[in-house]
Amino acid sequence: MTSVQPGGFIAVDIGGTSIKGIAVDDGGRVLRRLDLDTPVGGAAVLERLGDLIETLEVTLEADGLMLARLGVACPGLVDGRSGVVRFASNLDWRDLELQRWLTARFGVPAVVENDARAGVVAEHAWAGADGADDLAFVPVGTGVAAAYYLDGALARGATDAAGEFGHLRAVADGELCTCGNRGCVEVYTSAANILTRYRRGGGQAESTPEIVRTLDDDPLARRVWGEAVDALALGLASLVTLLDPSRIVIGGGLSRAGDALLTPLRRRFGAELPWREHPPIDRSGLASHSTLVGAALLGWGLGADDSRSAVRRLGTQLELQERVTRS
Ligand SMILES: [Zn+2]
(Lines give C-alpha, C1' and ligand atoms only; values in the text may rest on other atoms or scores of the structure.)
Protein backbone atom coordinates (compact mmCIF):
# COMPACT_ATOMS: atom_id res chain seq x y z
CA MET A 1 0.00 0.00 0.00
CA THR A 2 1.32 3.42 -0.87
CA SER A 3 1.31 6.01 1.86
CA VAL A 4 -0.83 9.10 1.31
CA GLN A 5 1.08 12.33 1.74
CA PRO A 6 -0.92 15.09 3.46
CA GLY A 7 -1.95 17.88 1.11
CA GLY A 8 -1.99 21.65 0.94
CA PHE A 9 -3.10 24.24 -1.53
CA ILE A 10 -2.03 27.55 -3.00
CA ALA A 11 -4.23 30.60 -3.59
CA VAL A 12 -3.26 33.56 -5.77
CA ASP A 13 -4.74 37.03 -6.31
CA ILE A 14 -3.34 38.56 -9.50
CA GLY A 15 -3.70 42.34 -9.50
CA GLY A 16 -2.54 45.09 -11.81
CA THR A 17 0.29 46.10 -9.44
CA SER A 18 1.11 42.92 -7.52
CA ILE A 19 0.55 39.16 -7.52
CA LYS A 20 -0.21 37.88 -4.01
CA GLY A 21 -0.02 34.22 -3.11
CA ILE A 22 -0.41 32.04 -0.02
CA ALA A 23 0.50 28.45 0.73
CA VAL A 24 -2.04 26.88 3.10
CA ASP A 25 -2.26 23.48 4.77
CA ASP A 26 -5.50 21.50 4.86
CA GLY A 27 -6.18 22.79 8.38
CA GLY A 28 -6.27 26.37 7.06
CA ARG A 29 -2.91 27.45 8.43
CA VAL A 30 -1.18 30.01 6.19
CA LEU A 31 2.38 28.72 5.91
CA ARG A 32 3.71 31.51 3.76
CA ARG A 33 2.58 34.62 1.93
CA LEU A 34 4.51 35.91 -1.05
CA ASP A 35 3.85 39.12 -3.05
CA LEU A 36 5.60 39.85 -6.36
CA ASP A 37 5.30 42.88 -8.64
CA THR A 38 3.11 42.40 -11.69
CA PRO A 39 5.37 42.72 -14.76
CA VAL A 40 4.33 44.28 -18.06
CA GLY A 41 3.21 41.96 -20.87
CA GLY A 42 0.95 38.91 -20.86
CA ALA A 43 3.71 36.31 -21.23
CA ALA A 44 5.73 37.91 -18.43
CA VAL A 45 2.71 37.92 -16.08
CA LEU A 46 2.10 34.23 -16.76
CA GLU A 47 5.77 33.41 -16.18
CA ARG A 48 5.80 35.30 -12.85
CA LEU A 49 2.59 33.57 -11.76
CA GLY A 50 4.28 30.23 -12.45
CA ASP A 51 7.38 31.29 -10.48
CA LEU A 52 5.27 32.41 -7.51
CA ILE A 53 3.34 29.13 -7.36
CA GLU A 54 6.55 27.15 -7.71
CA THR A 55 8.15 29.01 -4.79
CA LEU A 56 5.09 28.43 -2.61
CA GLU A 57 5.05 24.76 -3.62
CA VAL A 58 8.58 24.47 -2.22
CA THR A 59 7.24 25.87 1.09
CA LEU A 60 4.54 23.21 1.18
CA GLU A 61 7.05 20.47 0.44
CA ALA A 62 9.37 21.73 3.18
CA ASP A 63 6.43 21.13 5.55
CA GLY A 64 5.96 17.63 4.16
CA LEU A 65 2.86 18.61 2.20
CA MET A 66 2.06 17.84 -1.40
CA LEU A 67 0.36 20.52 -3.52
CA ALA A 68 -3.19 19.24 -4.03
CA ARG A 69 -5.13 22.17 -5.50
CA LEU A 70 -4.86 25.72 -6.83
CA GLY A 71 -7.25 28.69 -6.62
CA VAL A 72 -6.46 31.74 -8.74
CA ALA A 73 -8.32 35.06 -9.02
CA CYS A 74 -7.64 37.74 -11.60
CA PRO A 75 -9.31 40.90 -12.91
CA GLY A 76 -11.22 41.17 -16.16
CA LEU A 77 -13.70 38.96 -18.00
CA VAL A 78 -13.18 35.48 -16.59
CA ASP A 79 -15.26 32.40 -17.32
CA GLY A 80 -15.09 30.72 -13.92
CA ARG A 81 -16.60 27.49 -15.24
CA SER A 82 -14.03 26.83 -17.97
CA GLY A 83 -11.18 28.79 -16.34
CA VAL A 84 -10.61 30.90 -19.45
CA VAL A 85 -9.61 34.55 -19.04
CA ARG A 86 -11.43 36.18 -21.95
CA PHE A 87 -9.95 39.62 -21.47
CA ALA A 88 -7.85 41.27 -18.76
CA SER A 89 -6.57 44.60 -20.09
CA ASN A 90 -4.06 45.39 -17.33
CA LEU A 91 -2.55 41.87 -17.48
CA ASP A 92 -2.48 41.87 -21.30
CA TRP A 93 -4.37 38.56 -21.40
CA ARG A 94 -6.93 37.64 -24.02
CA ASP A 95 -8.59 34.21 -24.41
CA LEU A 96 -6.02 32.64 -22.09
CA GLU A 97 -6.86 29.07 -21.00
CA LEU A 98 -5.44 29.68 -17.55
CA GLN A 99 -7.01 26.74 -15.76
CA ARG A 100 -5.71 24.33 -18.39
CA TRP A 101 -2.24 25.93 -18.23
CA LEU A 102 -2.12 25.65 -14.42
CA THR A 103 -3.20 22.02 -14.39
CA ALA A 104 -0.75 21.11 -17.16
CA ARG A 105 2.15 22.81 -15.37
CA PHE A 106 1.46 21.78 -11.77
CA GLY A 107 -0.47 18.54 -12.30
CA VAL A 108 -3.31 19.43 -9.90
CA PRO A 109 -6.91 20.65 -10.26
CA ALA A 110 -7.21 24.45 -10.46
CA VAL A 111 -10.07 26.93 -10.10
CA VAL A 112 -9.87 30.29 -11.87
CA GLU A 113 -12.28 33.12 -11.10
CA ASN A 114 -12.76 36.85 -11.58
CA ASP A 115 -11.29 38.76 -8.62
CA ALA A 116 -14.47 40.51 -7.47
CA ARG A 117 -16.40 37.24 -7.73
CA ALA A 118 -13.73 35.43 -5.71
CA GLY A 119 -14.15 38.25 -3.19
CA VAL A 120 -17.91 37.83 -2.95
CA VAL A 121 -17.44 34.07 -2.43
CA ALA A 122 -15.42 34.97 0.68
CA GLU A 123 -17.98 37.59 1.79
CA HIS A 124 -20.80 35.12 1.26
CA ALA A 125 -19.04 32.57 3.46
CA TRP A 126 -18.31 35.30 6.04
CA ALA A 127 -21.98 36.31 6.20
CA GLY A 128 -23.09 32.69 6.50
CA ALA A 129 -26.84 32.25 6.83
CA ASP A 130 -27.18 35.88 7.88
CA GLY A 131 -28.74 37.62 4.86
CA ALA A 132 -26.18 36.48 2.29
CA ASP A 133 -28.59 35.23 -0.40
CA ASP A 134 -28.74 38.69 -1.99
CA LEU A 135 -25.38 40.19 -1.28
CA ALA A 136 -23.50 42.86 -3.21
CA PHE A 137 -19.75 43.14 -2.71
CA VAL A 138 -18.03 46.29 -3.94
CA PRO A 139 -14.22 46.24 -3.77
CA VAL A 140 -12.70 49.70 -4.11
CA GLY A 141 -8.95 49.74 -4.63
CA THR A 142 -6.84 50.46 -7.68
CA GLY A 143 -10.10 49.90 -9.58
CA VAL A 144 -13.76 49.66 -8.64
CA ALA A 145 -15.89 46.56 -9.28
CA ALA A 146 -18.84 44.68 -7.86
CA ALA A 147 -19.99 41.07 -7.57
CA TYR A 148 -23.28 39.63 -6.37
CA TYR A 149 -25.14 36.70 -4.99
CA LEU A 150 -28.73 36.90 -6.24
CA ASP A 151 -31.29 34.47 -4.83
CA GLY A 152 -28.41 32.52 -3.35
CA ALA A 153 -26.47 32.05 -6.59
CA LEU A 154 -23.27 33.70 -7.76
CA ALA A 155 -24.22 36.02 -10.66
CA ARG A 156 -21.97 35.99 -13.74
CA GLY A 157 -24.06 37.34 -16.60
CA ALA A 158 -24.32 36.16 -20.20
CA THR A 159 -20.74 37.10 -21.05
CA ASP A 160 -19.19 36.83 -17.55
CA ALA A 161 -19.26 40.62 -17.42
CA ALA A 162 -21.78 41.14 -14.58
CA GLY A 163 -20.21 43.54 -12.11
CA GLU A 164 -18.44 46.13 -14.24
CA PHE A 165 -19.74 48.54 -11.63
CA GLY A 166 -16.75 50.87 -11.94
CA HIS A 167 -17.93 51.81 -15.43
CA LEU A 168 -21.41 52.78 -14.38
CA ARG A 169 -21.70 56.45 -15.23
CA ALA A 170 -22.15 58.69 -12.23
CA VAL A 171 -21.40 62.14 -13.68
CA ALA A 172 -22.88 63.34 -16.98
CA ASP A 173 -20.07 64.66 -19.22
CA GLY A 174 -17.62 63.93 -16.43
CA GLU A 175 -13.90 63.19 -16.65
CA LEU A 176 -12.60 60.68 -19.19
CA CYS A 177 -12.29 57.03 -18.06
CA THR A 178 -9.87 54.37 -19.34
CA CYS A 179 -12.91 52.56 -20.82
CA GLY A 180 -13.51 55.43 -23.26
CA ASN A 181 -16.62 56.80 -21.53
CA ARG A 182 -16.87 59.85 -19.33
CA GLY A 183 -17.91 60.21 -15.72
CA CYS A 184 -17.63 56.56 -14.62
CA VAL A 185 -17.70 55.75 -10.89
CA GLU A 186 -14.10 54.52 -11.11
CA VAL A 187 -12.81 57.87 -12.43
CA TYR A 188 -13.76 59.50 -9.12
CA THR A 189 -13.76 56.67 -6.58
CA SER A 190 -10.80 54.35 -7.20
CA ALA A 191 -7.97 54.89 -4.72
CA ALA A 192 -5.57 55.49 -7.61
CA ASN A 193 -7.80 58.13 -9.18
CA ILE A 194 -8.48 59.89 -5.88
CA LEU A 195 -4.73 60.38 -5.53
CA THR A 196 -4.32 61.45 -9.18
CA ARG A 197 -7.16 63.97 -8.97
CA TYR A 198 -5.88 65.37 -5.67
CA ARG A 199 -2.37 65.85 -7.04
CA ARG A 200 -3.68 67.37 -10.25
CA GLY A 201 -5.43 69.94 -8.05
CA GLY A 202 -2.05 70.86 -6.51
CA GLY A 203 -2.12 68.57 -3.46
CA GLN A 204 1.10 67.00 -2.18
CA ALA A 205 -0.05 63.70 -0.63
CA GLU A 206 1.75 60.47 -1.56
CA SER A 207 -1.16 58.12 -0.89
CA THR A 208 -4.92 58.01 -0.50
CA PRO A 209 -4.72 57.24 3.28
CA GLU A 210 -2.67 60.44 3.62
CA ILE A 211 -5.46 62.39 1.90
CA VAL A 212 -8.01 60.87 4.28
CA ARG A 213 -5.92 61.96 7.27
CA THR A 214 -6.01 65.62 6.12
CA LEU A 215 -9.78 65.85 5.48
CA ASP A 216 -10.36 68.13 8.49
CA ASP A 217 -7.85 70.79 7.42
CA ASP A 218 -7.50 70.53 3.65
CA PRO A 219 -10.32 71.91 1.42
CA LEU A 220 -8.85 70.22 -1.68
CA ALA A 221 -8.80 66.83 0.08
CA ARG A 222 -12.41 67.39 1.18
CA ARG A 223 -13.52 68.26 -2.35
CA VAL A 224 -11.83 65.26 -4.03
CA TRP A 225 -13.00 62.91 -1.28
CA GLY A 226 -16.54 64.32 -1.48
CA GLU A 227 -16.61 63.70 -5.24
CA ALA A 228 -15.39 60.13 -4.69
CA VAL A 229 -18.14 59.52 -2.12
CA ASP A 230 -20.80 61.12 -4.36
CA ALA A 231 -19.91 58.98 -7.39
CA LEU A 232 -19.86 55.81 -5.27
CA ALA A 233 -23.21 56.67 -3.66
CA LEU A 234 -24.83 57.33 -7.05
CA GLY A 235 -23.47 54.04 -8.40
CA LEU A 236 -24.72 52.12 -5.36
CA ALA A 237 -28.17 53.70 -5.68
CA SER A 238 -28.37 52.42 -9.28
CA LEU A 239 -27.13 49.01 -8.18
CA VAL A 240 -29.81 48.81 -5.50
CA THR A 241 -32.51 50.01 -7.91
CA LEU A 242 -31.67 47.19 -10.33
CA LEU A 243 -30.67 44.28 -8.10
CA ASP A 244 -32.30 44.91 -4.70
CA PRO A 245 -29.57 43.37 -2.53
CA SER A 246 -30.24 42.79 1.17
CA ARG A 247 -26.85 44.23 2.04
CA ILE A 248 -23.85 45.93 0.50
CA VAL A 249 -20.31 45.19 1.63
CA ILE A 250 -17.50 47.60 0.73
CA GLY A 251 -14.05 46.02 0.50
CA GLY A 252 -10.68 46.76 -1.03
CA GLY A 253 -8.03 49.17 0.20
CA LEU A 254 -10.37 52.16 0.39
CA SER A 255 -12.59 50.37 2.94
CA ARG A 256 -9.73 50.86 5.41
CA ALA A 257 -10.79 54.53 5.58
CA GLY A 258 -13.65 53.29 7.83
CA ASP A 259 -16.09 55.95 9.04
CA ALA A 260 -14.43 58.68 6.95
CA LEU A 261 -15.89 56.78 4.01
CA LEU A 262 -18.97 55.07 5.43
CA THR A 263 -20.58 57.99 7.28
CA PRO A 264 -20.84 60.40 4.28
CA LEU A 265 -21.47 57.47 1.92
CA ARG A 266 -24.50 56.22 3.87
CA ARG A 267 -25.91 59.75 4.09
CA ARG A 268 -25.51 60.45 0.37
CA PHE A 269 -26.72 56.98 -0.63
CA GLY A 270 -29.84 57.30 1.54
CA ALA A 271 -30.66 60.67 -0.04
CA GLU A 272 -30.53 59.03 -3.50
CA LEU A 273 -33.22 56.51 -2.60
CA PRO A 274 -36.00 58.48 -0.92
CA TRP A 275 -38.70 56.21 -2.36
CA ARG A 276 -37.61 52.92 -0.81
CA GLU A 277 -35.95 51.36 2.18
CA HIS A 278 -32.29 50.93 1.51
CA PRO A 279 -30.03 48.05 2.46
CA PRO A 280 -27.24 48.55 5.00
CA ILE A 281 -23.75 49.40 3.75
CA ASP A 282 -20.99 47.79 5.80
CA ARG A 283 -17.27 47.49 5.64
CA SER A 284 -15.85 44.07 4.79
CA GLY A 285 -14.75 42.02 7.80
CA LEU A 286 -11.89 40.82 5.61
CA ALA A 287 -10.50 44.33 4.95
CA SER A 288 -8.60 44.14 1.67
CA HIS A 289 -8.12 40.35 1.76
CA SER A 290 -11.48 39.23 0.34
CA THR A 291 -10.16 38.23 -3.08
CA LEU A 292 -7.20 36.23 -1.79
CA VAL A 293 -9.38 34.49 0.81
CA GLY A 294 -12.02 33.83 -1.88
CA ALA A 295 -9.36 32.31 -4.16
CA ALA A 296 -8.33 30.11 -1.21
CA LEU A 297 -11.91 28.95 -0.60
CA LEU A 298 -12.33 28.17 -4.30
CA GLY A 299 -9.06 26.25 -4.36
CA TRP A 300 -9.82 24.48 -1.12
CA GLY A 301 -13.28 23.37 -2.28
CA LEU A 302 -15.00 23.25 1.13
CA GLY A 303 -18.72 22.95 1.84
CA ALA A 304 -20.72 25.92 3.19
CA ASP A 305 -20.36 25.07 6.90
CA ASP A 306 -16.62 24.53 6.74
CA SER A 307 -16.20 27.69 4.62
CA ARG A 308 -17.67 29.85 7.34
CA SER A 309 -15.01 28.99 9.89
CA ALA A 310 -12.26 28.77 7.25
CA VAL A 311 -12.92 32.30 6.00
CA ARG A 312 -12.47 33.70 9.52
CA ARG A 313 -9.33 31.72 10.11
CA LEU A 314 -7.74 32.82 6.83
CA GLY A 315 -8.86 36.45 7.19
CA THR A 316 -7.46 36.73 10.72
CA GLN A 317 -4.06 35.33 9.74
CA LEU A 318 -3.74 37.60 6.69
CA GLU A 319 -4.71 40.71 8.66
CA LEU A 320 -2.21 39.89 11.42
CA GLN A 321 0.53 39.50 8.81
CA GLU A 322 -0.54 42.78 7.18
CA ARG A 323 -0.29 44.64 10.50
CA VAL A 324 3.17 43.23 11.13
CA THR A 325 4.25 44.31 7.63
CA ARG A 326 2.80 47.81 8.01
CA SER A 327 4.18 48.45 11.48
ZN1 LIG B 1 -15.27 53.67 -17.43
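Contact here means heavy atoms within 4.5 Å. By that criterion, and leaving aside neighbours within four places in sequence, Asp 13 is in contact with Ser 18, Ile 19, Lys 20, Ala 73, Thr 291 and Leu 292. The structure in which these contacts occur is a predicted model. Asp 13 has its place in strand β1, and at 9% relative accessibility it counts as buried, because the limit for that class is under 20%.

Before other residues are taken up, the chain as a whole can be described. The protein chain has ten helices and 13 strands. Its radius of gyration is 20 Å, close to the 20 Å that the globule rule gives for 327 residues, so the chain is as compact as a globular protein of that length. The C-alpha trace spans about 70 × 40 × 40 Å along its principal axes. Of the 327 residues, 51% are buried. Among contacts with a separation of 6 or more, residues 24 or more positions apart account for 60%.

Phe 9 lies in strand β1, residues 7-14, and Trp 300 in helix α9, residues 290-300, so the pair ties together parts that are 291 residues apart in sequence. Both partners are on the buried side of the cut-off: Phe 9 has a relative accessible area of 0%, and Trp 300 has one of 9%.

The contacts of Asp 13 can be read alongside this pair. Asp 13, like Phe 9, lies in strand β1. Among the residues that Asp 13 touches are Thr 291 and Leu 292, and their numbers fall within the 290-300 range of helix α9.

Thr 17 lies in the loop between β1 and β2, the latter running over residues 18-25. Thr 17 is exposed, with a relative accessible area of 54%. Not counting residues up to four places away in sequence, Thr 17 touches Leu 36, Asp 37 and Thr 38. The C-alpha atoms of Thr 17 and Arg 313 are separated by 26 Å, and these two residues are 296 apart along the chain.

Ala 122 has its place in helix α3, residues 115-127, and is buried, with a relative accessible area of 0%. Leaving aside neighbours within four places in sequence, Ala 122 is in contact with Leu 286, Ser 290, Val 293, Gly 294, Leu 297 and Val 311. Several of these contacts, including Val 293, Gly 294 and Leu 297, carry numbers inside the range of helix α9. Helix α8, residues 259-272, holds Arg 267. Arg 267 counts as exposed at 58% relative accessibility, because the limit for that class is over 50%. Between Arg 267 and Leu 56 there are 45 Å in space, C-alpha to C-alpha, and 211 residues in sequence.

Asp 151 has a phi near 50°, a positive value in a residue other than glycine. Asp 151 is found in the loop between β10, residues 147-150, and β11, residues 153-154, and at 70% relative accessibility it counts as exposed. Asp 244 is not a glycine either, yet its phi is positive, at about 50°. The loop that holds Asp 244 runs between α7, residues 219-243, and β12, residues 247-251. At 46% relative accessibility, Asp 244 counts as partly exposed.

How values were computed. Residues numbered from 1 in each chain as written. Predicted model: local features only at pLDDT ≥ 70, side-chain atom pairs only at ≥ 80, totals over all residues. Heavy atoms only, no water. Helix = DSSP H or I, 4+ residues; strand = E, 2+ residues; numbered from the N terminus. Rg over C-alpha atoms; globule rule 2.2 N^0.38 Å. Buried < 20%, exposed > 50% of the residue type's maximum accessible area, 1.4 Å probe, protein only.
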